[in-house]
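Take a walk through this protein, from the whole chain down to one residue. Keep the structure open as you read.

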Amino acid sequence: MKQKLKKLLTAVIAIVAFVNGALLAADEMGGDRTLTEQTAVHFIDVGQGDAALLLSGGQAVLIDAGTADGGATVVRYLEELGVHELYAAVATHPHADHIGGMAQVIRAFPPAHFYMGPETQNTATYAGMLDALEQTGIQPTIPADGETLTFDSGASLTFLGPADDVSASNLNDRSLIALFRAGETDVLFMGDAETPAERSLLEHHPGLTCDVLKVGHHGAATSSSEKFLRAVQPTTAVISCGVDNDYGHPSDKTLQTLSHLGITDVRITAQSGSIVLSLPSPSQNKEDAA
């Protein structure tokens, strides 16, 4: 099953290139565009930051929005795809490389649902996000473990952490962790979760596996422990980071661990630009099983 899925994902992965932070369209795009009904995950190249877009059944959910400089990139990316509104937006944690562009996105595409963790940060970036929520009349939700947002297509996004046993002393470990499920395909989003959060996740969700892993903390050495990777068994790993970033992401240690465990399908936005994984729709999986 894993090998079959790996071949499928490899066959349908499309790379969307960026030049100077601007989306290159294959042809001239004008007028209103209609958002596709297909199911896909877009890992948007926002440089040294995170932003991912989930699409299914004509609905769109955004997980993080990059830095303040990346906000315009995310907005334009969504506009190019024909997004007119967001079904939901998720702020995994208050660091600026994840929520810097969120205020701009909220104002451009006010989401029907907004999820965030309970942790706060005394920064202009965090305050700006809260101001945008207030101005648009959106009440944020702190999701409980196991809380699920269901798409009309049957796809779902389930929040899996952080649990109460994860210390708040490290905001990275307090990242919201979420599992996107489309039919039989699971994509696990780790935010900036590091080894303690990984350990907690496995304790509270034994047996958790995924097909695609959004690698935690941009591929830093403090995340993606061997024990965690052995447990969740991804066939594809995606790392979001900037070209020649000051943090050395992704670390050689993380890349070596992935390789050692046979996870060779590793996609890095710093190398490929935005990465698009087209997934079987939930309805297609049901039809194939019939």
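Helices and strands here are DSSP runs, numbered from the N terminus. The model is a predicted one. With that numbering, find glutamate 119 in the loop between strand 8 (113-116) and helix 5 (124-135).

Now step back to the whole protein. Its secondary structure comes to 10 helices and 16 strands. The protein has 290 residues, and 55% of them count as buried. Look at contacts between residues at least 6 apart in sequence: 69% of these join residues at least 24 apart. The protein exposes about 12,500 Å², with 48% of it supplied by carbon and sulfur atoms.

Next, go inside. In soluble globular proteins, nonpolar side chains tend to be buried together. Here, the largest nonpolar core has 32 residues. Ile44, Leu78, Leu86, Met102, Phe114 and Met129 have the most contacts inside this core. Several elements each supply at least two of its residues, including helix 2 (71-81), helix 4 (102-108), strand 8 and helix 5. Follow methionine 102: among the residues it touches are Asp64, Val90, Phe114 and Met129. Apart from this core lies another, of 26 residues, which includes Ile63, Tyr87, Phe180 and Leu277.

Return to glutamate 119. Is this residue buried or exposed? Its relative accessible area is 15%, so glutamate 119 counts as buried, the cut-off being under 20%. What does glutamate 119 touch, leaving aside neighbours within four places in sequence? Its contacts are Pro94, Tyr126, Ala168, Leu171 and Arg174. Alanine 168 is 49 residues away along the chain, yet the two C-alpha atoms are separated by 7.7 Å. With arginine 174, the side chain of glutamate 119 makes a polar contact of 3.0 Å.

Note on methods
Residues are numbered from 1 along each chain as its sequence is written. This is a predicted model: local features need pLDDT of at least 70, side-chain atom pairs count only at pLDDT 80 or more; totals for chains, interfaces and linings use all residues. Side-chain values use heavy atoms; hydrogens and water are left out. Helices (H or I, at least four residues) and strands (E, at least two) are DSSP runs, numbered from the N terminus. Buried means under 20% relative accessible area, exposed over 50%, partly exposed in between (1.4 Å probe, protein chains only). Contact means heavy atoms within 4.5 Å. A polar contact is a pair of N or O atoms within 3.5 Å; within protein, one must be able to donate a hydrogen and the other to accept it, and residues adjacent in sequence count only if both atoms are side-chain atoms. A nonpolar core is a set of buried Ala, Val, Leu, Ile, Met, Phe, Trp, Tyr and Cys residues joined through side-chain atoms within 4.5 Å. Accessible areas come from the Shrake-Rupley method with a 1.4 Å probe; for residues, only the protein chains shown count as cover.
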